[in-house]
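Colleague: Please take a close look at a single chain for me. I would like its fold first, then how it meets its partner.

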Amino acid sequence: MSGLSRDEVAHVAHLARLHLSEDELTTFTEQLGQVLAHAADLQSLDLTGVPPTAHPFDLRNVVRPDVVGESLDPAEVLAEAPDAEDGRFAVPRILGEDL
Amino acid sequence: MNAIDLAARVRRGEVTASTALAESLSAIDARNDELNVFLHVDRDGAEARARAVDDAVAAGRDPGPLAGVPVALKDNLCTRGVPTTASSRILEGWRPPYTATVVERLVAAGAVPVGKTNLDEFAMGSSTETSAFGPTRNPLDPERVPGGSSGGSAASVAAGMASLALGSDTGGSIRQPAALCGIVGVKPTYGLVSRYGLIAFASSLDQIGPFARSVADAALCLEVIAGHDPRDTTSLPEPAPSLVSHLDDGVAGRRVGLVSELVEGADADVVAQVERAAAALEAAGARVVRLSIPELRLGLSAYYLIAPAEASSNLARYDGVRYGRRVAADELGAMNEATRTLGFGDEVKRRIMLGTYALSAGYYDAYYGQALKVRTRMIEAFRQAYEQVDLLLGATAPSVAFRFGEKTANPLAMYLSDVFTIPTNLAGEAAVSVPFGTGAAGLPIGVQLLGPGRSEARLLAAARVLEVAS
Amino acid sequence: MTAGWEMVVGLEVHTELRTATKLFCSCANEFGAAPNTHVCPVCLGLPGSLPVLNERAVEMAMSIGFALHCTVAPSTFHRKNYFYPDMPKNFQISQYDLPINSSGYLDLPDGSRVGIERAHLEEDTGKSTHLGTSGRLHGAQRSLVDYNRAGVPLVEIVSAPDIRSAAQARLYVAELRRVLIATGASDGRMEEGSLRVDANVSVRRPGEPFGTRCEIKNLNSLRSLQRAIDYEADRQIELIEDGGAVRQETRHWDETTGVTSTMRVKEEAEDYRYFREPDLVDLAPDEAWRDRVAAALPPMPGVRRTALLQHLEDPTDAQRESVEVVLDLDLDRYVHGAAEAGLDAATALARTANEVAAAEEGAERLTVEAFVGTLRLEASGQLSATQAKTVLADLLAEGGAPEDVVARRGFTQLASDALGGVVDEVIAANGDEWARYRDGDDKLAQFFIGQVMARTRGQANGKAVVEILRSRRG
């Protein structure tokens with residue numbers, strides 16, 4: 001695997017909600033390409049049949065009882081909000097899909 | 001003064017917590033402007049805690065094993081009402097409404113948190129140079145980095161501003177700065193210490209651990225913060241292990257593997273100290289064998305796919321809606337984008353994009369999926385090694401503390417600073433960096449002891465042997 | 001449905017679980033609280049917070065799986081990544097390639113069977129209110145977000161594309177709703193959004209492969225569901241017959257205008273970058289845990305329906321409707337009790353679906369024994385139908401035994417001594433009719449019963465009246 005394209009970096013930046021200037025796009029494309037080129041040693045390995053490890057150890061069925069605990073004070077929570085109104089978090093208009 | 005002696009004297013009423021705090025604060029006042037160690041000093045909170053400890057002693061109550069010990073907290077640990085930034089503009093001014101489990105445990109043990117220390121932004125870096133609030137300087141040579149990402153915490157202990165500090169280690173972020181600042185740093189087994197309240201970088205790799213000026217202090221601090229926490233699903237089910245009582249167990253009869261991949265490419269002065277450490281362990285009764293674990297060479301590549309992938313998701317929540325900074329725009333998507341674009345630094349953006357790419361449709365199997373399989377191989381390789389030996393030995397970092405700007409131009413060069421520490425995180429195992437001799441420019445060198453999961457007592461006893469021999 | 005066409009429908013039903021707390025934190029799971037009062041670091045997605053799975057939610061999800069004949073298997077949690085302000089972490093914790101329940105089915109009252117592909121656990125989002133011109137998102141200048149609902153446990157039930165009509169879709173959701181309520185996992189309230197339905201609709205000529213499907217959102221009632229599916233299928237048929245092609249997209253149903261419209265096209269769909277949730281561990285309930293949950297499950301509506309219908313020979317549509325009423329109100333025991341006592345099941349079903357069902361919470365006071373006793377008195381002629389209904393009403397209101405109500409109301413007196421007097425009065429007042437009856441015109445018995453009923457305000461037993469008339473005729 002090699003060659004990360006400028007368009008791919010632009011697409012990934014959009015998915016991550018990041019804006020890149022033309023210069024940044026150039027720099028990041030080059031830098032990310034280097035890291036991925038280094039990762040090429042993984043692609044050459046034959047790992048068929050090797051199970052993936054998403055977790056370093058094997059715990060399972062960790063659950064908590066369904067008992068109500070304390071919630072936060074809404075005033076304290078909303079005091080940290082960049083914008084709030086009427087006990088709720090306020091955001092500017094949402095373009096795109098309708099729900 | 002070291003933490004164990006200080007706590008003992010505070011508990012006996014020979015010195016007050018308030019006096020110890022005053023000394024800590026005066027050390028901070030003397031050098032913080034120069035070194036940029038603390039982003040926030042919580043004087044009022046610390047003074048109140050110190051008074052509470054002194055009141056307890058006066059009333060005949062035991063304030064706990066860390067009575068009156070000033071501790072520094074990496075600023076990615078949440079502290080209720082106290083600014084917590086992860087060294088990022090995007091969280092500037094945020095005051096969490098809750099406190100991390102480890103901080104609660106320190107306070108319950110009588111410790112006095114003095115403030116929040118600088119780090120690489122969201123713990124992504126190896127020098128603290130990616131902090132949005134300027135780099136921390138190494139107290140031993142202010143022209144050089146303290147390492148990272150927990151550079152501020154390492155520097156606070158090295159500069160005598162705190163007796164203990166907490167850091168977080170995702171790929172070496174405790175051990176590498178400990179090595180570069182000449183102190184002890186422990187990366188505990190994954191799950192030994194609760195992550196509740198630790199601002200996540202890469203959830204399956206992150207682990208909180210202590211910095212200390214002695215192995216015994218590190219052991220005591222780890223005993224206090226370790227143990228099951230019901231608020232962290234990945235927390236190991238058992239209570240904290242007994243560590244201090246095993247410090248003098250020594251290494252007689254232990255088999256130690258000196259791993260060629262853990263010194264490969266390191267500077268000559270570093271290699272020399274690792275060899276000397278091997279000899280010291282042998283002299284103390286250990287049997288040292290030379291091993292090769294080729295899988296460790298794959299660690300860096302796997303790490304720089306797995307950690308950014310998890311980070312890209314963990315950092316999605318910083319969008320200007322609920323907390324932290326918002327850059328205004330007349331439409332939600334534009335607001336999210338402007339906030340993140342101005343709120344994150346370049347290293348964070350690089351990793352978010354790398355991780356987003358590694359997880360995206362069409363590339364998942366080739367990158368992220370493959371990296372998870374490498375992780376399986378790494379765990380298996382360690383397991384096989386631990387069938388032959390009890391501990392592994394290697395370097396912590398490839399070099400002594402480097403100068404500012406030396407590695408910032410090339411991200412890959414910076415990433416290589418973590419090449420010896422990353423495998424432990426991928427395997428979820430334990431490792432300690434202990435200062436052992438000096439190298440270029442008279443700067444400290446750290447050697448690394450690695451063990452399987454839950455081997456902290458064994459590791460710290462071996463580290464103690466090296467501490468004495470050093 | 002236009003001739004020569006067939007619709008293919010698959011439904012995704014989201015049901016909120018009736019747990020005390022949210023899926024991953026201990027905030028209360030409660031509808032209708034003041035905004036942002038049930039929030040904590042975890043469900044607000046604050047930096048450093050971690051999810052811990054709710055045991056009860058797991059059990060409810062398993063209950064749903066067992067009720068739908070699913071395989072309940074080891075499962076994992078994934079993160080589904082996309083930006084939306086309702087979602088505090090900008091990812092949703094859900095189940096992806098290994099859901100807790102898979103491969104089940106649901107039998108509908110019309111005899112058809114709909115496959116269940118999966119029923120998995122996931123967290124709900126918060127709720128936005130859009131300020132501006134219409135209250136709808138379109139045209140709003142600003143939105144306000146309440147995170148009380150964020151993190152509420154959901155089970156998403158995905159059907160196979162086995163549904164072939166809007167009416168069947170409606171039947172499926174209605175039956176699924178009954179099943180969910182029966183498991184205790186859901187309150188089934190569509191109007192409060194605790195049960196939400198999305199429909200995947202496509203059309204084809206019979207025998208041809210599946211056509212391109214559209215997903216319809218915002219179906220808040222059974223009526224909307226049925227109307228929207230019919231509208232959408234017609235729209236697609238018309239489009240194809242006019243030479244066009246269906247585009248894969250998500251469409252919004254507008255209840256007021258009765259049309260669906262494009263929300264987003266598939267090409268714009270997000271790349272969700274699913275990956276294992278590293279803050280959670282595998283969920284692999286062992287056999288003992290699964291057995292415990294399965295054993296605690298009450299009989300499902302389908303089983304109960306069959307049991308009730310067994311009492312009836314060739315049930316009428318009206319009786320089938322009565323059975324549904326009995327099922328919905330959980331009144332099966334009265335019908336079964338009467339049938340087991342050898343009484344007429346049709347009468348028992350009618351009394352249960354009418355009198356008992358009409359009395360709010362009355363079933364708490366009416367014992368099966370009292371119900372059966374009342375019906376037995378009616379069957380033996382000691383009570384008229386009207387009297388029996390009165391007795392039931394009293395029992396539903398106050399409880400007790402039917403004999404006591406009969407005594408208090410004086411129904412016994414009327415049935416014997418007093419009734420004779422009333423019949424004699426009626427005979428005296430209607431000499432001509434009596435003469436004809438006495439001469440053998442039996443049809444006039446109905447006339448006398450009517451007169452007696454009028455005088456007793458319906459509290460006489462028809463059979464008893466006829467017996468007295470016969471005895472007077474000599």
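Modeller: Read along the sequence, chain A runs α-α-α-β-α-β-β. That gives chain A four helices and three strands. Keep in mind that this is a predicted model.

Now the overall form. Chain A has a radius of gyration of 23 Å, while the globule rule gives 13 Å for 99 residues, so chain A is more spread out than a compact globule. The C-alpha trace of chain A spans about 55 × 45 × 25 Å along its principal axes. As for burial, 32% of the 99 residues of chain A count as buried.

Next, the partner. Chain A puts 44 residues in contact with 55 residues of chain B. Contact here means C-beta atoms within 7 Å. Several elements of chain A each supply at least two residues to the side that touches chain B. They are helix H1 (6–15), helix H2 (22–38), helix H3 (40–43), helix H4 (74–79) and strand E3 (88–92). Which element gives the largest share of that side? H2(A) does, with six residues.

Methods
Residues are numbered from 1 along each chain as its sequence is written. Chains are lettered from A and ligands numbered from 1 in the order in which they are written. This is a predicted model: local features need pLDDT of at least 70, side-chain atom pairs count only at pLDDT 80 or more; totals for chains, interfaces and linings use all residues. Two residues are in contact if their C-beta atoms, placed from the backbone, lie within 7 Å. The radius of gyration is taken over C-alpha atoms; the globule rule is 2.2 Å times the number of residues to the power 0.38. A residue is buried if 20 or more other C-beta atoms lie within 10 Å of its own, exposed if 12 or fewer, and partly exposed in between; C-beta atoms are placed from the backbone.
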